[in-house]
Amino acid sequence: MNPADKGYKHINGIQMYYEIYGSGKPVVLIHGGGSSILFDFSEIIARLENQFQLIGIDLQNHGRSEHRYIPETFEQDADDVAAFLAEINIHKASFWGFSNGGSTVMQIAHRHPDMVDKLVVASAFYKKEGMMDGFFESMNEATLDSVPEPLKINFLNLNPDFSKLENMFDKDSKRMQTFEDWDDEVLTSIDSPVLFISGDQDVMKPEHTLEMWRMTEGSRVMILPGVHGAYMMAGFDGSVDSKLIDFTAQEVAKFLNHQ
């Protein structure tokens, strides 16, 4: 991947890493828990950088960005992204968030509505009951060994300090362990167009994605075949469903370009 720009900005007390690809309408890419810009979005960037300005950010504790000695929250991530965009003089953009990044972009729309053109919320949740049975119980027993090997390898390639990997796991797992259901108002307050996406074998139930779609006026929804993220990225075994990812990229581009 060959970014047009990359580097760090000092945001809310930490150095945050970013990469920018292509040109055109700005679309901000927000990765999931334990991940980074290219781990989640390299397939999408390859397909869409000739149509949009794609701005990827490594969130606090992740990738090349610094960590904080405070709990990790979706609200803090949302405020960091908003402050980062102000720093690079982007006052309105569309947002594509995957997994925990999808929850973050919903909080951006709730907390910073004037910054949002459109939202793509991919494989996200807002209530515990929306996740597959046993998810939160398993989070209470999670250890660093539970983290998929490709995520650990990706983190250490970007940031070869093992203690930072332990910190990221600790912050991410505690966020899940202490998660409290959001008030419906977080979703019902969103007044920008939203496209919800999830897989039919995702970690959140398809019914939960449909529930969020019904609560968000004028939104769209796609339930696609496959496991968590298979419609937009490589699987943990390295397999890539290119035709499915082509379809996702094409439909998202259509949604973002529609007036």
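These legends go with several close-up views of a predicted model.

**View 1. Strand β2 sits between two antiparallel partners, β1 and β4.**
Start with β2, residues 14-21: 7 of its 8 residues are buried, so the strand is largely enclosed by the rest of the structure. Strand β1 (residues 5-11) runs antiparallel to β2, and 7 bridges join the two. To find your way along this pairing, look for Asp5, whose bridge partner in β2 is Ile20. The two strands make a hairpin with 2 residues between them, and Asn12 in the turn has a positive phi of about 45°. Strand β4 (residues 52-57) also pairs with β2 in the antiparallel sense, this time over 4 bridges. A handy landmark here is Glu19, which stands opposite Gly56 in β4.

**View 2. Tyr18 and Phe84 form a tilted aromatic pair.**
The model has 11 aromatic pairs by the rule used here. In this one, the ring centres of Tyr18 and Phe84 are 5.2 Å apart, with 50° between the planes. The pair links distant parts of the chain, as Tyr18 belongs to strand β2 and Phe84 to helix α2, 66 residues apart. Tyr18 has a relative accessible area of 5% and is buried. Phe84 comes out at 0%, so Phe84 counts as buried too.

**View 3. Phe39 and Phe236 pair up across 197 residues of chain.**
The ring centres of Phe39 and Phe236 lie 6.3 Å apart and the planes meet at 35°, so this pair is classed as tilted. Phe39 comes from helix α1 (residues 37-48), while Phe236 sits in the loop between β8 (220-227) and α9 (242-257).

Elsewhere, look for Arg64: its charged end sits over the ring of Tyr17, 4.9 Å from the centre.

**View 4. The largest pocket has a volume of about 920 Å³.**
Of the 41 lining residues, Gly33, Pro148, Leu151, His228 and Phe236 are the closest to the pocket's centre. Helices α1, α4 (135-140) and α6 (162-177) and strand β8 each give two or more residues to the lining. The biggest contribution is from α6, with 5 residues. Sorted by class, the lining has 24 nonpolar, 14 polar and 3 charged residues.

**View 5. The second largest pocket, at about 260 Å³, has 12 lining residues.**
Nearest its centre you'll find Leu195, Arg220, Glu251, Lys254 and Phe255. Both β8 and α9 supply at least two residues of this lining. The class breakdown is 5 nonpolar, 3 polar and 4 charged residues.

**View 6. The structure holds 1 cavity of 30 Å³ or more.**
The space inside the largest cavity is about 30 Å³. Its lining includes His31, Gly32, Gly33, Leu59 and His62, along with Phe74, Asp77, Asn100 and Arg175. Helices α2 (74-87) and α3 (100-111) are the elements that give two or more residues to this lining. Helix α3 gives the most, with 3 residues. By class, the lining splits into 2 nonpolar, 7 polar and 2 charged residues.

Methods. Residues numbered from 1 in each chain as written. Predicted model: local features only at pLDDT ≥ 70, side-chain atom pairs only at ≥ 80, totals over all residues. Heavy atoms only, no water. 1 Å grid on protein atoms, 1.4 Å probe; cavity = no way out; pocket = protein on both sides within 12 Å on 5 of 7 lines; lining within 4 Å. Points joined across faces, edges and corners; volume = space filled by probe spheres on them. Nonpolar A, V, L, I, M, F, W, Y, C, P; charged D, E, K, R; others polar. Buried < 20%, exposed > 50% of the residue type's maximum accessible area, 1.4 Å probe, protein only. Pairing = 2+ DSSP bridges. Phe/Tyr/Trp six-rings, centres within 6.5 Å; stacked < 30°, edge-to-face > 60°. Lys NZ or Arg CZ within 6 Å of the ring centre and 35° of its normal.
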